[in-house]
Amino acid sequence: MAAQIDGVFETGLQKKIAESKVLVIGAGGIGCEILKNLVLSGFQDIEIIDLDTIDVSNLNRQFLFHKEHVGKSKANVARESALTFNPNAKIKAYHDSITTNNYGVNFFQQFSLVLNALDNRAARNHVNRLCLNAGIPLIESGTAGYNGQVELIKRGLTPCYECFPKPAQKSYPGCTIRNTPSEPIHCIVWAKHLFNQLFGESNEDEDVSPDTADPEAGAEAGNAALEADANEKGNVDRVNTRTWAKQCDYDPEKIYNKLFYDDINYLLSMSNLWKNRTPPNPSKWDTLQADEDGEDAIVEDSVVRDQKVLSLGQSAKVFAQSIKSLKDAFAKLPEDDHLVWDKDDKDGMDFVAACANIRAQIFGIPRKSRFEIKSMAGNIIPAIATTNAITAGIVVMRAFQVLQEEYEKCNTVYVRLRVNGRNQFIVPESEIIPPNPKCYVCADKPQVLLKVDTQNLTVREFRDEILIKALNMISPDVTLDGTGTIVISSEEGETDCNNEKKLVEMKIVDGCILKADDFLQNYELSITILHKEPGREEAPFEIVADPDTLKPKEEEQVADSSSSTTAVGAAGAYDDAQPSTSKGLNGSSANGSKATVSEIEDDTDDLYIVEDDDHEDRPCGSKTVEKRKHTSDQDVEPTNKKAKVSHQQEDDDDDDLTIIE
């Protein structure tokens, strides 16, 4: 290995590499490359964590995995493959989620540095907060197509991952797309994949049929349905989607029944998937014919149609019409040619919008207008193996500089497809950007202003949509400053009676200050409430991370233009896709309109002692709170706090763990 060969590295760095302990989070496209680079560079003590299992679609870009590894833990297999490069290395793998409360500040403090290789914003936020609290340097990385980015996160020196807004995240697990969609975007991705399967450039990674390899479905997934489809020899005759569609002459009724009735029934046979989910409701073409007239007539005006959310019957009609048009266009092409989906092509866009809304209806997901679907459908970017490799190489080069404490050299680096004016495609920033002094995560006294309708927002919506989704908390406790009233408690059931109350009923009105605390993340936040009744087209709430933005307009004109602000609006537009470490913010609101959101998780040592107050006039949860923080590893871990998180339990008892690509 490089660090074991004299002369490859200078003596000081060679020693630090050999003595350091590194945590790699994520064993996907970037994580595999990072692990390989670390082992070949001579790092001896490495731990890697990932919750995912290997899918066939991973094999074209995650080179530590092979066909025989499909279905196995990414972290475990990555460890085994990396050890073939250096059997003397000490590599520990965890098949688990980094966002569980098993991995807190004390866990992170054992490492020299942490290398993030995640594609999940919730986990990124979680790791960001843990590394900040543990005082451990974090090297964050991400790719989007041919673009990549690597940045150092160190408290007091660089911006943290949450200092600035983030664009919407665009990667989705294949099993979620094929088996258990829960958001409109999942249905839109599925519909685009279906277009390619029927008319476009077919890709095995874009299969739209039920995924029996889904680890959550269980080993016997779909067996009953397979047996029903078996021929007289006991085998199942399989043909690809396009071949089957050609055989039935692209008959809309047959395709509809196959996709939205037969395949959905197949999914229902995977009973494990629906133990904790609402099962889908299959839809059959025959049942739609009763709705042919009346309200299901298709609106012809293109502007009105784009803004209208179509019913199931209307979507089925658009589905049939678009298939006929696409079939005719496809037939005119040369033998080996195919259609290319374009959001500006009417028939292609109609097909995706119709399929997405039909699938959404089946899974109980809110349907969207054609305009909204068009806005979202253009933001899906493929993973490129070369970009992952380049980005991972930069990550390890930055790791060398961090070990030598050469932080002034750790500028953020961007990987681009085309060279810039200085003939560079690997482009470092000219200087290290300082942290955002108004950041609601890494500032000395994190605080935000919340503009919200206190007369209509419930405590439950405040917790779920604002604290957890928009402000990235996991297990929040909230008290009303000055009174000690407990508004929200992380103790299960303690403040459930407050859930449906409006904020105003809890005496939370304009000018009130709430103290929010997440014991899992060792994170405290002061929230100043500003009552605002949103207009019809306005977001239901807005989070402002810089109080200076509330100055009168005449003051704003002379204010320092360099002051940084972060506004989180619940009706945000869909941003262009960027590498996942790019600055941006994203979320959703209580009424379903888009907002800025992220979810995270963490483990810390906060302990609460609650003293009951028998005053009859106080609402449920009205207690005074004294908070004590543990400051050493010897302090007792809290056992009465229950993290509002869930993760899949593994059958084996080893210490393996996994996270996300």
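This talk walks through one protein chain, from its overall make-up to a few single residues.

First, the ground rules. The model is predicted, so to speak of local features we need pLDDT of at least 70 and for side-chain atom pairs pLDDT 80 or more, while totals for chains, interfaces and linings use all residues. Residues are numbered from 1 along each chain as its sequence is written, and side-chain values use heavy atoms, with hydrogens and water left out.

Now the whole chain. The protein chain has 18 helices and 19 strands; these are DSSP runs, with helices being H or I of at least four residues and strands E of at least two, numbered from the N terminus. Of the 661 residues, 51% are buried. Buried here means under 20% relative accessible area, exposed means over 50%, and partly exposed is in between, with a 1.4 Å probe and protein chains only. Contact means heavy atoms within 4.5 Å. Among contacts with a separation of 6 or more, 72% are between residues 24 or more positions apart.

Next, Cys175. UniProt, in an unreviewed entry, places the feature "active site" at Cys175. Its positions are given in the numbering used here, feature names are shortened, and annotations may be inferred rather than shown by experiment. Cys175 sits in helix α6, residues 174-178. Is Cys175 buried, exposed or partly exposed? Cys175 counts as partly exposed, because its relative accessibility is 24%. Pro210 is 35 residues from Cys175 in sequence, and their C-alpha atoms are 8.2 Å apart.

On to other cysteines. The whole structure has zero disulfides, a disulfide being a pair of cysteine sulfur atoms within 2.5 Å. For Cys442, the nearest cysteine sulfur is that of Cys163, 3.4 Å away, and Cys442 is in no disulfide. Cys442 counts as buried because its relative accessibility is 12%.

Now a pair of helices. The axes of α13, residues 312-331, and α14, residues 346-362, come within 8 Å and cross at roughly 145°. Axes are lines fitted to C-alpha atoms, for helices over the stretch in contact, and angles run from 0 to 180 degrees between N-to-C directions. The crossing of α13 and α14 is left-handed: the near helix is turned anticlockwise from the far one by less than a right angle, where clockwise would be right-handed. The α13 side of the contact includes Leu312, Phe319 and Ile323, and the α14 side includes Asp347, Phe351 and Ile358. The residues of this contact divide into ten nonpolar, six polar and two charged. Nonpolar covers Ala, Val, Leu, Ile, Met, Phe, Trp, Tyr, Cys and Pro; charged covers Asp, Glu, Lys and Arg; the others, Gly among them, are polar.

Then two backbone angles. Most residues other than glycine have a negative phi. Asn472 has a positive phi, near 65°, and lies in the loop between α17 (459-470) and β10 (476-480). Asn472 counts as buried because its relative accessibility is 1%. Lys507 also has a positive phi near 65°, in the loop between β11 (485-488) and β12 (513-518). Lys507 counts as exposed because its relative accessibility is 60%.

Last, Asn116, in strand β4, residues 113-116. Asn116 counts as buried because its relative accessibility is 0%. Leaving out residues up to four places away in sequence, Asn116 touches several residues, including Ile25, Arg124 and Ile139. Ile139 is 23 residues from Asn116 in sequence and 6.2 Å away, C-alpha to C-alpha.
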